[in-house]
Amino acid sequence: MTNSTGTNSLRNGPAESGHFGDGLGGRFVAETLMPLLLELDDAYKAAKTDPSFHKELSFYLKDYVGRPSPLWFARRLTEHCGGAKLYMKREELNHTGSHKLNNVMGQILLARRMGRKRIVAETGAGQHGVATATVCALFGMQCVIYMGAVDVERQQPNVFRMKLLGAEVIPVTAGAGTLKDAMNEAMRDWVANVQNTYFLVGTVAGPHPYPAMVRDFQCVIGEETKAQMQEKEGRLPDVIVAAIGGGSNAMGIFHPFLDDPSVRLIGVEATGYGLDSGKTAASIERGSRGVLHGNRTYLLQDENGQITEAHSISAGLDYPGVGPEHSWLHEIGRADYVGATDDEALEAFQLCTRTEGIIPALESAHAIAYATKIAPTLSPETLLVINISGRGDKDIFTVADRLGVKL
Amino acid sequence: MSRIARRFAALKQEGRGALIPYLEACDPDFETSLTLLRAMPEAGADLIEIGMPFSDPSADGPVIQMAARRGLKAGATLPRLFEMVHAFRKNDPDTPVILMGYLNPVEAYGPLRFCEDAARAGIDGLIIVDMPPEEASVMQACAAENGLDIIRLVAPTTDDARLKLVLSHASGFVYYVSITGITGTRSASDADLEAALPRLRAATDLPVAIGFGIRTPEQAAAASRIADGAVVASALLKTLAETLDAEGRATAETLPKVLAQLQELAKAVRG
Ligand SMILES: Cc1ncc(COP(=O)(O)O)c(C=O)c1O
């Protein structure tokens, strides 16, 4: 988890102040929370350099999460597309069914080191909520999950799962009742319960040190991918494609490759009804710089600086912001940010299921949609990795509904 | 001397603390909030805080969240807010006006243009909740150049080392957030406040106002006695909300009820 590989490395960020590049990231929170963020920063720094912390984390990642996750050569999908050789990084095989547990495992161990007893978290698709509820069950900690009321409706199986795991799920009706509003409510809870509560952020957003810390815990995805590709093909991949909600699965697979300029990094935002439909979650492609949820980053907002509602078929991508490090990678041109619509994701969801026997999360289906779109334009020697961030069991109701099937 | 400093100095002469009521811009509409603003000094406001509505007020409780929503629905923007204060200043050259809100709308407007236009409208100070001193460089210089105070929040979680840093960026007065929590929820006890103040007094000569959780005339009187001022927000906004009709519009009761409550608070503060 030590990322720096020299002074010119792109992996050295953020600065001590939490900023990436020119003023992105940072800590934009009320004074009540500032001392807590500084304390968290210190605690994380101490854990990061403590071999016993890494030993403990490795143990849980292996025996509980089920790492390493395989790198799968998707033969039939490759043949179907014609062109680039398609690999899948199988994060959907992790315990609880997504990459979210990588981060949650790291943060729960940190929360324990800090002596916190009560965990609060926000969730969109419910995958982060389920992962958080899972580790709280594992360690016998109190767990409160904030989830937008709309998301509670469209992700019923995950809501029930969280409750089975002993978490309290609080539906948030403010705003549009999605991830942004759940994030606001989780921050309000934290402010009101600072003495005993740890706020377990689910993506590479929020105030410093969250974006850097969550990234570090997710980097295991990219590190494994690098080693596995070396083993299978004897070289680096050429293209990596990942879906972008807040950006944690993408940052996890991108970051270990930032200093390998031959590797093209592509983040796929959810463009909902279409990039110019006004109903998207494409914060980088259709947003501008602003401050929300503790950091400066690209946001969907109107000309008065009011945050606008995002839209995506996928609850996990339905967020009007993006992690600040992605905004930075966009500004310096190290990663490309593109889009896939609801319909494209639905189609890719079915294609992947039928050709590979893997039901992907609708979030991951956005990455598959873009990868399968460009694959035919690339040579057969091109090695392209798609990050399959989660499995799609949670989405079958949404998909059935869209396909006009009654369950 | 700034309007804020003048007002606190005058109150000190009188031997009492300030009552600082809050209203949200354009809540429930431009005319009503302007009329309320104009009537507040007469009803006992010593300084006035105006909320700048934001879509995502993450440090606020349900009452201010709803007020912000009503304000936005009624078309609150920064130019409308400046227009409101400008109209107020025509008849009231003395009562300090402080804006409270979040950074994003200010950044979208442009920090320099914001400070110039705010000063021109007759605004005296800014409270930007999600802009700690560490992130204030975008505002600090242009606020100072335009004679605007940046009022700093201090919380129970602010330790002594941090207090120094926060106060080194403060002007106008210091806003003591009396509880760890969001607006309009818990209240601190008088004993908590008595215990908290000496630490602040020792660290600054600026006046200290207490906010968050002050609802009743008794609480306002105690806070303004223990410190130099009491901010009352959610309690007034709640009264306002209760007078609205089913569509959220002002009724004949709206102004009288809010102003009557303000008078009660003022009576207690003035002893
Ligand atoms: C399976 C899956 N993939 C992706 C995401 C998006 O989050 P991020 O961009 O942080 O990876 C989510 C969020 O809920 C998810 O559940």
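Reader: Where in chain A does A:Pro209 lie?

Author: Happy to start there. In this predicted model, A:Pro209 sits in the loop that runs between strand E8 (197-199) and helix H9 (210-218) of chain A.

Reader: What kind of peptide bond joins A:His208 and A:Pro209?

Author: A cis peptide bond, with omega of about 10°. Chain B has a cis peptide bond as well, joining B:Asp27 and B:Pro28, where omega is about 0°. B:Pro28 belongs to the loop between strand E1 (18-24) and helix H2 (30-43) of chain B.

Reader: Why is A:Thr96 called buried?

Author: Buried means under 20% relative accessible area. A:Thr96 has 13%, so the residue counts as buried. A:Thr96 is found in the loop between strand E4 (85-90) and helix H4 (100-113) of chain A, and its phi is near 75°, a positive value in a residue other than glycine.

Reader: And what makes A:His293 buried?

Author: The cut-off of under 20% applies here too. The relative accessible area of A:His293 is 4%, and therefore A:His293 is buried. This residue also has a positive phi, about 50°, although it is not a glycine. You will find A:His293 in the loop between strand E11 (288-292) and strand E12 (294-299) of chain A.

Reader: Turning to chain B, how do you know that its radius of gyration agrees with a compact globule?

Author: For 271 residues, a compact globule would come out near 18 Å; chain B has 17 Å, so the two agree. Its C-alpha atoms fill a box of roughly 50 × 40 × 35 Å along the principal axes, and 60% of its residues count as buried. Chain B contains twelve helices and nine strands.

Reader: What makes a set of residues in this model a nonpolar core, and which residues have the most contacts inside the largest one?

Author: The members must be buried residues of nonpolar kinds, such as Ile, Phe and Tyr, joined through side-chain atoms within 4.5 Å. The largest core has 105 residues, and those with the most contacts inside it are B:Ile50, B:Phe114, B:Ile123, B:Phe173 and B:Tyr175. Helix H4 (residues 78-91) of chain B gives the most to this core, with seven residues. A second, separate core has 59 residues, among them A:Leu110 and A:Met141. In soluble globular proteins, nonpolar side chains tend to be buried together.

Reader: Which residues is B:Phe173 in contact with, leaving aside neighbours within four places in sequence?

Author: Its partners include B:Ile4, B:Phe8, B:Leu47, B:Arg152 and B:Pro207.

Methods: Residues numbered from 1 in each chain as written. Chains lettered and ligands numbered in written order. Predicted model: local features only at pLDDT ≥ 70, side-chain atom pairs only at ≥ 80, totals over all residues. Heavy atoms only, no water. Helix = DSSP H or I, 4+ residues; strand = E, 2+ residues; numbered from the N terminus. Rg over C-alpha atoms; globule rule 2.2 N^0.38 Å. Buried < 20%, exposed > 50% of the residue type's maximum accessible area, 1.4 Å probe, protein only. Contact = heavy atoms within 4.5 Å.
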